[in-house]
Each structure stands twice: as structure tokens, then as C-alpha cells.
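Hello,

Here is the structure I promised to pass on. My notes on it follow below.

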Amino acid sequence: MACEFDQILCSEDNNNGEEEYDVTVEEEGNNNDEEGDDVIEEDDKNNNREEEATVILDSNGVDGDDDDDVSGEDLIANMTPMKGMEYDSKDSLMKVYQDYAKLQGFSIAIRRSSSKYYVLACFKGRKPKDVIMKFTRQTQCPARVNCIVKTNGKVIVSNVWLNHSHSLEPQLSMCMPGNRELSLHMKCLLESRDIAGYRTCKNVRTLEVMAGGPQNLGVTERVFRNFIDKRRRLRLGEGDAKAIHELFFRMQLQDKNFFHIMDVDDEGRLRNVMWVHPRSIAAYEEFHDVVSFDTTYLVNKYKMPWATVVGVNQHNQSILLGCGLLSHEQSESFKWFFSNWLLAMKGVQPTAMLTDQCESIKIAVKAVFPMTIHRLCLWHIANKIPQKFKGVADFCSCSSDFYSTIYDSLSIAEFESRWTDFLSKHSLHNNRWLKNLFDEKKNWAPIYLNHIFWAGMVSTQRSESMHAFFDGFVNSKSTLKPFVEQYEIAIQNKIQKEMNADYQSKCVMLKPVSTFQWEKQLLGEYTHNIDLLLQVEVKKISSCNVEDVAIGEDGVNRCKIKEMRLVQNVFHKEYTYTVEYRPFGE
């Protein structure tokens with residue numbers, strides 16, 4: 001019971017942002033055949049449902065028939081815990097105190113549970129947090145029940161505090177966390193009717209009729225809907241796997257190069273699914289230099305992580321090179337995905353791959369792509385700084401020095417020297433996170449990776465931008481089959497954007513931003529979007545000044561160039577570079 005109660009409290013925390021459910025009202029002409037199943041009309045159905053209603057009401061602690069015999073005050077008096085009372089178990093005490101709390105107008109929480117002591121308290125009993133929040137339920141309410149647990153499992157009430165520091169609201173009891181528990185009987189009814197095909201609104205309304213009104217159910221309608229939605233996530237809808245398989249089969253008939261694979265367990269439940277569009281396979285042949293892999297996008301109602309492999313094309317656009325739905329984020333699932341994706345790509349491993357710091361992904365990449373250079377997302381690392389440096393005396397200075405060490409180091413020796421100085425300055429030699437980070441420096445620090453082509457990527461931003469693109473076609477309510485169908489529509493939209501970029505590159509010529517002849521020459525060689533990036537670099541030439549030119553005895557021209565680094569058009573820092581040019585061999 002205690003575990004179940006904890007789960008209820010956790011679900012309350014996760015449901016602060018109430019989900020909205022659209023209740024679809026069908027035309028009366030289409031509902032005549034179904035109404036007979038839900039509406040109470042015949043006498044024999046009335047008798048059966050009255051019996052079911054009695055079970056439901058009794059199981060939720062709502063006394064429908066005895067209200068005239070026992071007054072509410074007497075009922076509360078019988079349930080009130082008192083010092084010296086003995087209960088058969090923790091669960092029995094929990095049940096009595098929970099029913100008492102419902103009638104009084106508050107909810108309870110387990111504050112302590114061990115082999116010797118057991119404490120139940122008002123849900124508002126904790127101290128409010130010091131951090132700024134929009135709202136808080138906590139008022140440091142003193143109401144609680146302290147118990148001693150005997151060796152035989154029985155509990156004895158040692159102390160009781162019944163007074164509350166807040167007003168009690170019996171009429172709002174069903175809305176409070178901890179009072180939203182569904183009985184086992186009600187759970188079975190909801191799930192069985194949902195499997196039978198009852199719409200959620202009819203399922204809930206039927207229980208309300210059986211109980212004599214929503215006020216007698218003891219919980220709100222949202223609890224029913226959240227329970228049904230959760231159960232749907234735990235099981236695959238009947239026919240979903242078959243429907244997706246048939247859809248993939250039809251797509252493969254249209255193009256034999258379409259690749260898909262489904263992973264089903266021994267009980268026929270879908271665990272993982274992966275597919276690669278023929279256009280993605282063709283694009284990968286040209287653009288396998290660098291790819292980004294990400295699983296942070298939860299797109300369908302089964303809450304399976306949507307894994308995507310994203311590359312960059314000649315227009316500097318993100319291209320989807322494969323995707324899948326995974327049952328969990330463990331190394332086995334990632335190995336399954338990578339192995340089958342590699343099979344679809346004819347065994348050609350990517351030259352470089354960018355992922356987050358997930359240990360399971362690291363294991364899978366090392367196992368499946370041993371020849372691939374693996375880079376960790378720099379954004380995910382930087383995002384942990386507020387948490388990892390929160391105990392440092394001068395947080396702002398520490399963060400600034402950390403970023404400067406990463407981005408401003410011009411050589412490996414300088415990076416390692418500045419890293420040592422950073423640890424000494426802020427007394428962070430014993431910081432385990434930084435130690436582990438330094439051990440993996442060759443997988444994330446720019447100075448170790450700048451010589452490799454990354455198509456401008458230092459984070460999984462490409463994957464995230466691809467996710468944002470699909471937001472217009474799929475959402476958190478999409479089931480698996482419509483999701484795949486909408487995926488195809490989104491891909492066609494992406495193809496259209498690539499065609500528009502081709503038109504811009506072939507039919508629209510950018511004007512040079514300088515008088516350099518080489519700029520004009522290069523503008524005719526690159527695509528439109530790459531030309532724009534080129535012109536950004538050309539404009540930065542004005543920030544560079546040649547200070548000294550010398551010709552050595554070896555015939556090498558050496559120039560000293562000072563660059564003024566600008567960030568958001570504001571002077572940031574000066575760097576002096578020595579550039580060597582060999583005329584012989586250019």
C-alpha cells in the first residue's frame with residue numbers, strides 16, 4: 001500500500017500541467033447501436049449495475065446506504081487515530097487514516113517508514129522551499145501520526161497531532177494528492193472496457209452513472225483519463241504492429257531500396273522499429289563524413305524514444321539518414337539500432353559521429369562503429385555547469401574561466417596548462433565530474449577535434465532542428481501507424497525544401513561583398529547557402545591586420561597577423577597568429 005501511495009504522489013507531481021482531453025461528440029444517428037451498452041434502460045441491467053455500483057462505492061470508502069444510520073461526525077470520530085491504538089499492519093493504518101483524511105478534507109503522505117517507526121503526516125507538512133516558485137502546497141502543517149512498529153508487524157500509535165495550520169476542505173477532498181487512488185475493481189473495469197473499444201468519455205460516464213454521480217466516485221475525471229492513458233502506453237494497440245508492417249511492405253513495393261526492420265519479443269510485443277528512406281540511403285553515399293545521433297525526442301503516445309541519425313547536405317541543410325522507435329535507452333537497443341542502420345547503409349561507417357554523453361550510446365558506438373571518430377555534444381556538457389559548479393565560491397568567474405579554457409585555447413599544450421590553472425584557481429582538483437571530463441578530453445574538447453571535418457557541428461543541434469521540423473506533422477498523441485504515415489509527408493516536405501535550395505543555387509547569384517577576385521570565383525563554385533557562410537568569413541577579414549612579413553632562408557614567407565575577435569559585434573579579445581606560406585608547391 002505504501003508503495004502504491006508513493007506512486008500516486010509521484011504521478012501528482014508529474015501532472016501539474018494538466019493534459020487536455022478532447023471529448024468527441026458523435027452524431028446521434030451513429031450512436032444508436034452503442035447506446036444500448038452504456039445507458040441504463042432495462043430492469044435486469046439495472047440490478048446488475050446496482051450491485052457493481054455497491055462494490056465500487058464500498059471499495060472507495062464511500063458509504064451510500066448507511067449515511068442515514070451513521071452521521072458524518074460519528075464516522076469521523078470512529079476513524080480518528082488516538083494514542084495507544086493498535087493496528088494489524090502499516091497498510092491497515094494507512095487505509096483508516098486515509099479515509100479519515102478524505103472526510104476531514106486533507107490528504108496524507110508517508111514521512112517515515114522503517115522496521116521500527118512509521119510516520120504519516122499531512123501532505124502540507126513539509127517546509128516550503130527557499131527557491132522562487134509559482135506556487136507551493138507546503139505550509140509546515142504539524143498534523144501527523146507517529147507509530148512504533150512491533151516485531152510481529154503490528155503498529156501502535158505513539159503520538160498524534162490532529163490540528164492543522166491550514167483550512168480543511170472536505171468538499172474538495174477528491175482533488176487533493178493522495179486522495180486520488182482508484183480501487184482495484186475500478187481499475188479492472190476501466191481497463192477491460194478500454195480494451196473492448198469503449199471511448200474514454202463513455203467509459204468514465206458509465207462509472208459515474210453506476211456510482212450515482214461523479215461526486216460519489218471519490219476521484220476526479222482526470223484521474224480516470226490519466227489511468228487509461230498510462231495503460232495504453234504499457235501495451236501496444238491491437239493491430240498496430242501488423243498495420244505498420246503492412247505499411248512498410250507497401251512502401252517497399254514502391255521502392256525496393258526502402259529498408260525497415262521490427263524487433264518483437266516472445267509475446268509478440270513490439271520493442272524496437274527502425275526504417276531508412278531510399279533517399280536517405282542515396283544521400284549517405286555522399287554525406288557520410290559526419291552524422292549526429294540523438295534520442296531526446298519523445299514523439300508518440302507510447303513514450304518510446306525516437307532515435308534519429310542526421311547529416312548535412314550540400315546546402316548546409318539537415319538531412320534525415322534514418323530513424324527508429326526504441327523501447328528503452330539501453331546499450332542493447334542502441335546496438336540493435338546501429339547494427340541494422342549500418343546494414344541499411346551497406347556497411348559504410350560514418351567518418352565521425354556526434355552524440356550526447358549517454359554511457360549506453362558510448363558502449364554501442366564503440367562496439368558497432370570501431371573506426372568512427374566519436375565526439376560528445378559540447379552543449380550537453382556546458383548545460384551541466386550550473387549544477388556541477390553550484391558549490392564554488394565565485395560561480396560567475398569559475399564558469400567564465402571554464403568556457404575560456406575550452407574555447408580560447410589555441411593549442412593542446414595551452415589547453416592542458418589552462419586546465420591545470422583553472423583547477424588550482426577554484427580548488428577543483430577533487431571534482432569527480434571534471435576529472436572524468438578531462439579523461440575524455442579527446443572526445444569533446446575543440447582543440448583535439450578541430451582538424452576533423454564536422455560540418456559546423458559541435459552539438460546535437462542538427463538532430464534537435466530536425467525534431468522541430470517534424471513537430472508540425474506529429475505530436476505526443478500520435479500512435480505508431482499514423483506517426484509513420486505523417487513521417488512520409490514530412491519527408492516529402494523536406495524534399496521540396498531541398499529542391500527550392502537547388503533552384504536558389506542554380507538560378508540566383510549573390511553579389512560579392514568585397515573586391516577580391518577569388519571571392520567572385522568561389523561564389524560560382526558553392527551552393528547558395530554555403531556562399532552566405534563564405535561571405536561571413538570574408539567580412540571578418542577586416543578584423544585581421546598584417547603586422548610583419550619576412551622571407552626566411554628556407555624560402556618560406558612568414559607573416560604575423562593580429563585578429564580582433566568580435567562577439568555580437570563587440571570587441572572580445574586579440575590573437576596573434578604566425579602564418580607560413582611556401583611559394584613552391586603553393
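In which sense do strand 9 and strand 10 pair, and over how many bridges? Strand 9 and strand 10 (residues 318–325) pair in the antiparallel sense, over seven bridges. Two strands pair if DSSP finds at least two bridges between them. Helices (H or I, at least four residues) and strands (E, at least two) are DSSP runs, numbered from the N terminus.

Before the rest, a word on the model. It is predicted: local features need pLDDT of at least 70, side-chain atom pairs count only at pLDDT 80 or more, and totals for chains, interfaces and linings use all residues. Residues are numbered from 1 along each chain as its sequence is written, and side-chain values use heavy atoms, with hydrogens and water left out.

**The hairpin**

Strand 9 and strand 10 form a hairpin with five residues between them. Asparagine 316 sits in the turn and has a positive phi of about 65°. Glycine 311 has isoleucine 319 of strand 10 as its bridge partner.

Strand 9 spans residues 305–312, and eight of its eight residues are buried (under 20% relative accessible area with a 1.4 Å probe, protein chains only; exposed is over 50%, partly exposed in between). In a regular strand the side chains alternate between the two faces of the sheet. Here both faces are covered. Pro305, Ala307, Val309 and Gly311 are on one side. Trp306, Thr308, Val310 and Val312 are on the other.

**Two helices**

Helix 15 (residues 395–407) and helix 16 (residues 412–425) pack at an angle of about 170°, with their axes 9 Å apart. Axes are lines fitted to C-alpha atoms, for helices over the stretch in contact, and angles run from 0 to 180 degrees between N-to-C directions. So helix 15 is roughly antiparallel to helix 16 (over 145 degrees; under 35 is roughly parallel, 65 to 115 roughly perpendicular, the rest oblique).

The contact (heavy atoms within 4.5 Å) includes Phe402 of helix 15 and Trp419 of helix 16. Among the buried residues of helix 15 are Cys398, Phe402 and Ile406. The buried residues of helix 15 pack against helix 13 (378–382), helix 14 (385–388), helix 16, helix 17 (432–439) and helix 18 (446–449).

**One tyrosine**

Tyrosine 87 lies in strand 1 (residues 86–87). Is tyrosine 87 buried or exposed? Tyrosine 87 is buried, because its relative accessible area is 11%. Tyrosine 87 and valine 157 are 70 residues apart in sequence, and 8.4 Å apart in space, C-alpha to C-alpha.

Best wishes
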